[in-house]
Amino acid sequence: MKTRFTELVGVEHPIVQGGMQWVGRAELVAAVANAGALGFITALTQPTPEGLFNEMVRCRGMTNKPFGVNLTILPAIKQPPYAEYRQAIIESGVKVVETAGNKPQEHVTEFKKYGIKVLHKCTSVRHALSAERMGVDAISIDGFECAGHPGEDDTPGLILIPVAADKLKIPMIASGGFGDGRGLVAALALGAEGINMGTRFMCTKENPIHQLIKEKIVANDERETELIFRTMRNTSRVAKNAISNKVVTMEKQGATFDQVRDLVAGVRGKMVYATGDADQGIWSAGQVQGLIHDIPTCAELVSRIVREAETIIRNRLKGMMSGATRGTADKRLSKAEEIAS
Ligand SMILES: Cc1cc2nc3c(=O)[nH]c(=O)nc-3n(C[C@H](O)[C@H](O)[C@H](O)COP(=O)(O)O)c2cc1C
């Protein structure tokens with residue numbers, strides 16, 4: 001499948017593995033790249049800019065296909081040294097960056113100076129248009145279904161994607177709730193040039209998280225997520241568990257961030273992936289869990305999605321077209337053809 005997005009970033013398939021904190025490491029990203037899709041190493045998963053540089057070198061050692069780096073800019077108590085992470089990305093020679101979060105202008109301007117393609121991920125049309133004005137090359141638009149930060153507008157992909165497609169000039173990929181070929185075809189039909197997936201890539205053989213968490217995602221259905229930080233207008237969609245329940249209850253009772261801080265600490269979330277204990281902390285997962293039933297390799301997953309999408313387009317949709325247009329004139333034509341033969 002060739003789209004404006006595959007042409008822009010030079011990959012075979014219009015499928016992206018978005019940045020994932022504690023998860024977007026070299027093994028996964030290289031496997032995604034080798035499968036012909038575009039993976040992003042998550043910059044802030046590495047404790048230092050130097051660590052990030054080494055991770056990119058490690059990834060390059062495992063693939064000669066394109067891959068990128070995700071730089072997430074979120075409000076934090078202790079700001080990471082963003083400019084230094086950015087410099088490490090530039091020096092690594094990586095040619096695609098996914099920015100996410102607040103006010104990416106400074107980073108966009110710098111990356112563009114070095115010919116790096118910037119894909120900005122956001123959750124509203126107004127932020128997508130603002131990023132377009134900032135000079136990004138493509139948009140990844142995250143619907144309300146997504147894992148991680150869905151924003152505060154609660155607009156699902158079915159509306160967000162076509163509204164954004166109507167207004168943007170640059171290519172856009174659709175994100176949030178995608179996990180199979182049906183989703184890819186739907187995204188293309190809605191005006192996107194590809195799909196971005198997080199949760200689905202959690203359940204792949206090469207993903208570095210604990211096997212028990214992958215199995216938990218397979219067992220979960222589409223209702224097993226919870227929205228935390230709603231009251232703080234910093235909503236995050238996470239896997240439903242004992243901790244997310246507690247946080248939501250405390251929020252309803254008026255708790256401040258300081259009161260839930262220990263429960264939501266990033267180190268606890270990191271431990272979930274290391275130990276396989278799903279109740280140890282907060283971890284991100286989307287509603288697409290309801291569509292995830294196995295743990296394939298990245299190559300199996302990507303080729304299955306593409307194959308399924310092609311079959312839907314060639315058989316199901318095309319079949320509907322010929323059926324729908326088989327009017328009287330068509331029938332007369334085929335009768336004439338039959339007689340002629
Ligand atoms: C475990 C996990 C961690 C994530 N961490 C980040 C992150 O650090 N930065 C970011 O931009 N997006 C992050 N995301 C969001 C994904 O990149 C992607 O936009 C989202 O998962 C799409 O929704 P889906 O899970 O329904 O496919 C994360 C998602 C997951 C599942």
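The lining of the second largest pocket splits into seven nonpolar, five polar and two charged residues, where Ala, Val, Leu, Ile, Met, Phe, Trp, Tyr, Cys and Pro count as nonpolar, Asp, Glu, Lys and Arg as charged, and the others, Gly among them, as polar. This is a predicted model, with local features needing pLDDT of at least 70 and side-chain atom pairs pLDDT 80 or more, while totals for chains, interfaces and linings use all residues. Residues are numbered from 1 along each chain as its sequence is written, and side-chain values use heavy atoms, leaving out hydrogens and water.

The second largest pocket holds about 270 Å³ of space. A pocket here is an open set of points on a 1 Å grid over the protein atoms alone where a 1.4 Å probe fits, with protein on both sides within 12 Å along at least five of seven lines; lining residues have an atom within 4 Å of a point. Of its 14 lining residues, E145, L158, G176, G177 and F178 sit closest to the centre. Helix α7 (residues 157-167) gives the largest share of the lining, three residues; helices are DSSP runs of H or I, at least four residues, and strands runs of E, at least two.

As for the ligand, 23 residues surround it, with G19, T72, K121, G177 and T199 the closest; a residue counts if one of its heavy atoms lies within 4 Å. The shell has eight nonpolar, 13 polar and two charged residues, and β3 (68-73), β8 (195-197) and α9 (199-202) each supply at least two of its residues. A backbone N or O atom of G19 comes to 2.7 Å from a ligand oxygen atom.

Terms used: Points joined across faces, edges and corners; volume = space filled by probe spheres on them. Polar contact = N/O pair within 3.5 Å; in protein donor to acceptor, adjacent residues only side chain to side chain.
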